[in-house]
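Try each task on your own before reading its solution.

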Amino acid sequence: QSTIYRAGTLGRRPVVPADFAELERRARKVSSAEAWAYVAGGAGEGRTMRRNREAFDRWAIVPRMAAGAVDRDLSAELLGTRLPSPLLLAPVGAGALMGRDSDLAIAAGAAATGTPYIFSNQGCNPMEECAAAMGDTPRWFQLYWSSDERLVDSLIRRAEAIGAGALVVTLDTTVLGWRPQDLNLGSLPFAKGLGIAQYTSDPVFREIAAERARQPRERPKVTPGAIRALIAMSRNHPGPFWANLRSPAPRASVETFLDIYSNPGLSWEHLATLRRRTSLPVVLKGILDPEDARRAFDLGVDAIVVSNHGGRQVDNAVASLDALTAIRAELGPEPTLLFDSGIRTGADVFTALALGADAVLLGRPHLYGFALAGAHGVAEVIRNVIAELDLTMALAGTRTIADITRQTLTETPR
Ligand code: FNR
């Protein structure tokens, strides 16, 4: 944090704005309308997204004086690994809307700060390449449960092979939420072939796509959209894109992806198979109800992520921070709870930790950093959040992450 201040006083301009409002404004300026609708947008009327932020305003940090919180230690132990801070980067699909090779750049930016990145199942670069960009920094893999169990196993094997620190299964997106901004623009990234690199790089997926391509079906019309999809897809296939026009594989891949990327019938019985399917720590993401949380831990999972997907799935849903408070109250101090949806600043991280999170995930802010300055932008967004967390800890008289308890907060009068 002192480095950031020193750079500032020497007149060095930061790579990205230090406050979220300006970061967001600048990221919007460099994004297409379609990219902005998808990334910044929320479900329905945007009430969940707003509520995620308002929930933070109902809590206030009570600074403590002369508490001698020098030599602060922000490190945190998570699933058996010591991390430099309790911050991870959330999985984001279709990040290439904001720039090429988004996941490689985000992976590199995360690694520059030792921060784990959770590779999305709908990422834009294969997980093997992202892992190579991270060196020794922990990486996790996020899985959407496919309706084809062979693909579930194949993705799990690949996550094990890249040394993932955990398998994160996202539960809240068995169907895509109501996203009016995207609908109004008639744009969904997957239709452009974005966010399907984990699939097209998967041998089992390619087998499934080939199987389906062999099945007789009506020939789809060649529309401008389909041609754009083929060009985008061809990035994942060797050779020039026109070679792919002659091969049925890319088109079959887009169609197969849309058919099998999720299982709308996902049940607790499916999830109960996870423990015997992998030796990786298992994390379930997208839990909001205390009973669901209990059920998850009854299955023997290692952690859950309390999340409403950044307000992108259900409009008028419970604020993720309120769900965190309720779940911690129900489950007690032991189970490992991660939190996301609404974290924008270091003070937010502090508040979430005080309300019972063991670590937090940062979503849109890191994508905005990427949009503005690639890997450097990602790293700087992370450094800014951690620097503010550090200062807040100093001023609140907390030396370690464990010192950040409910006692550091008060509820603000309504
Ligand atoms: C997401 N999120 C997400 N989650 C997930 O499990 N798999 C995914 O592929 C994606 N894709 C995705 C794309 C974009 C553009 C966004 C903004 C979000 C949700 C993400 O992991 C996280 O839960 C939220 O982004 C956290 O909320 P904030 O920090 O954005 O408010």
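**Exercise 1: A covered helix**

Helix α18, residues 346–354, is mostly covered, with seven of its nine residues buried. Keep in mind that you are looking at a predicted model.

Task: Find which residues of α18 are buried, and look up the phi of Gly356, which follows the helix.

Solution: Step one is to go along the helix and list the buried positions, which are Gly346, Asp348, Val349, Phe350, Thr351, Ala352 and Leu353.

**Exercise 2: One aspartate in its surroundings**

Task: Decide whether Asp103 is buried or exposed, then name its contacts beyond its neighbours within four places in sequence.

Solution: Start by locating Asp103, which is in helix α5, residues 102–112. Next, count neighbours: a residue is buried if 20 or more other C-beta atoms lie within 10 Å of its own. Asp103 has 28 C-beta neighbours inside 10 Å, so Asp103 counts as buried. Now set aside the neighbours within four places in sequence; the remaining contacts of Asp103 are Gly95, Phe119, Gly123, Cys124, Asn125 and Cys130. Finally, take Gly123 from that list: it lies 20 residues from Asp103 along the chain, with 6.5 Å between the two C-alpha atoms.

**Exercise 3: Two domains**

Task: Describe how domain 1 and domain 2 are divided and how far apart their C-alpha centres lie.

Solution: Begin with the bounds: domain 1 covers 16–183 + 263–411, and domain 2 covers 197–259. Their C-alpha centres lie 31 Å apart. The contact between them takes eleven residues from domain 1 and eight residues from domain 2. On the domain 1 side, the largest share, four residues, comes from helix α7, residues 149–161. That side has five nonpolar, four polar and two charged residues.

**Exercise 4: Around the ligand**

Task: How many residues surround the ligand, and which are the closest?

Solution: The count is 22 residues, and the closest are Ala90, Gly93, Thr170, Gly310 and Gly363. By class, the shell has seven nonpolar, eleven polar and four charged residues.

Conventions. Residues are numbered from 1 along each chain as its sequence is written. This is a predicted model: local features need pLDDT of at least 70, side-chain atom pairs count only at pLDDT 80 or more; totals for chains, interfaces and linings use all residues. A residue is buried if 20 or more other C-beta atoms lie within 10 Å of its own, exposed if 12 or fewer, and partly exposed in between; C-beta atoms are placed from the backbone. Helices (H or I, at least four residues) and strands (E, at least two) are DSSP runs, numbered from the N terminus. Domain bounds come from an automatic or database domain assignment. Two residues are in contact if their C-beta atoms, placed from the backbone, lie within 7 Å. Ala, Val, Leu, Ile, Met, Phe, Trp, Tyr, Cys and Pro count as nonpolar, Asp, Glu, Lys and Arg as charged, and the others, Gly among them, as polar. A residue is near a molecule or strand if its C-beta atom, placed from the backbone, lies within 6 Å of it.
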